[in-house]
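Here's a friendly walk through a few parts of this protein. Take a look at the model first, then read on.

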Amino acid sequence: AGEQFVNGDTTFLLTDNSALATLEMPSPISQRGFSTEYLRRVRYRDADHRIDILNRLPEIISSSNNELVLHGQMVNLLLSGIRSATAVAICRQYDGGEMEVVKWDQRNLAGGDFQPCARLIRQSLERRESTLHMWRESDVACDFTVDMLNDWAFVCPLSGPSSKGWVIYVAGMNRSLNEASDFENKEIDLQGDVKFAELIGATLANLRRVQNLEQRQSVFRPFFSPVVMEAFVDRDPEEVLKPRQCEISVLFCDLRGFSAKSEQMSDQLAELLDRVSQALGIMTKSVLDFGGVIGDFHGDSAMGFWGWPLEKMDAAENACLAALKIQSELAAIAAEPEHRLHDFHMGIGVATGNAVAGKIGTSHQVKVTAFGPVVNLAARLEGMTRLLNIPILIDKYTVERASSVLADQKRIAHFRKLGKFRPYGLSIATDVYQLQPAEKKPSISVIENYERGLKEFRSGQWSDALKFLDPYQDQDSAARFLTEYICVRQAPKNFDGIIDLASK
């Protein structure tokens, strides 16, 4: 510190000064508050100089790639625009009252440490208006502070929730503030400087608001697709996230093989977590790629949904496309024996219906998710994939919303009715369908015989149903499930065709 070096025509001085807000400042002889309305009527005495300085703002904004650089540029701009200032600082008061000098600079580098007045900062924040303090030179020369170069200072609070507690602090030396008339004249001179500082402060507050919005969006980005993120551009995030009832399509995806692996790798849990995260990443990427929202994680399972915050007519279709994409990627991985996810599989359930979606939780914790019977149904359908040994199960309403587009026009999927089931823990039965890629559609004979067998089964003619189902057990998981169901039971009297499941 104190050494100099030269680069071209510029001489640099290395200093080791610090800035810390202090209460040890003399009481002001003159104090004046300026409302924003009053400052609007103030005219600049050197308007051309101020305009030249303000013309730098677009370049400063575009070149400041982080907060530290932006704050430094704004401090320099204030020093250039307020000729009588000896020091400028951007300060922040936290909720507990603690003060921080975020960024500062002074015109005289050899002037020593700089200590903004904490009392002035607090008064300005409490009154929510720019406030000016002036001292006598004789008071400043005492031992109140090592900052002896200044006999006036003003503070401009930044507005907006993103800049709560933030202020611009400007200090300078007049060296002739002794008589009452001196203070009055200096106050008039400083009004233009306060107005200029308020303008820079408003710009900084707006930039902070934009940065805060970008940060909030970056927090949401892992959970929302780009299409959903557009909802935050022109709307208040709190309004967008407010829970509301809507029709959604929900996808539950569960990782198979996790429990066995967790026992085998009990001494390698970090590695297991990494593998599970990678597997769930396949699911979440597919949800986001098809415009969905990541709703929740439950250990080795995850939930996504469509239809909120933007109402979409293709919600069910996109949920089905995401399910098929997950199945396709895992099938490709299963074909690679050396892949670290080779022995993981997934079961997927998709259901469509009314729910409450949005920011849901308690006063202590909230998350963006969906709530309602359709969520439970999707989870139960996912659980049923184990019993039926079928990768993707969907409900009747999803088929109705997606079949005309997904199956007929695009011809990339096949819906197949498996029967009417009452999932464990639910009182209402639902028609359950299998979703398959079009190229894996079963043969006509398998489909026709299963449909005949299902018809006989639902009418209570179980022995006749076996004639159609039994020959196809090795080719068709659905036929095998229904055959085994029949073989361990007898058709109840007045059978209603509903298959009640005794477990998840």
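## Helix α5 and its cover

Let's start with helix α5 (residues 118-127), whose buried residues are A118, L120, I121, Q123, S124 and L125. Buried here means under 20% relative accessible area, exposed means over 50%, and partly exposed is in between, using a 1.4 Å probe and protein chains only. Helices (H or I, at least four residues) and strands (E, at least two) are DSSP runs, numbered from the N terminus.

What sits over those buried residues of α5? Among the elements covering them are β3 (30-34), β4 (85-93), β5 (99-106), β6 (130-134), β7 (152-157) and β8 (166-172).

## About the model

This is a predicted model: local features need pLDDT of at least 70, side-chain atom pairs count only at pLDDT 80 or more, and totals for chains, interfaces and linings use all residues. Residues are numbered from 1 along each chain as its sequence is written, and side-chain values use heavy atoms, with hydrogens and water left out.

## The nonpolar cores

A nonpolar core is a set of buried Ala, Val, Leu, Ile, Met, Phe, Trp, Tyr and Cys residues joined through side-chain atoms within 4.5 Å. The largest one has 43 residues, and I248, V250, F305, W308, F421 and F457 have the most contacts inside it. Helix α13 (residues 373-388) is the top contributor to this core, giving 7 residues.

There's also a second, separate core of 38 residues, including C253, V276, L321 and L406.

## Helix α16, one face in and one face out

Which residues of helix α16 (residues 462-469) are buried? They are W462, A465 and L469. Looking down the axis of α16, these fall within an arc of 50 degrees, so they line one face of the helix; the arc is that of the directions from the helix axis to the C-beta atoms. S463 and K467, on the other side of α16, are exposed.

The buried residues of α16 pack against α15 (444-458) and α17 (477-487), where contact means heavy atoms within 4.5 Å.

## A491 in its loop

Now hop to A491, in the loop between α17 and β17 (498-500). Buried, exposed or partly exposed? A491 counts as partly exposed because its relative accessibility is 32%.

Leaving out residues up to four places away in sequence, A491 touches G460 and W462. The C-alpha atoms of A491 and S459 are separated by 9.5 Å, though these residues are 32 apart along the chain.
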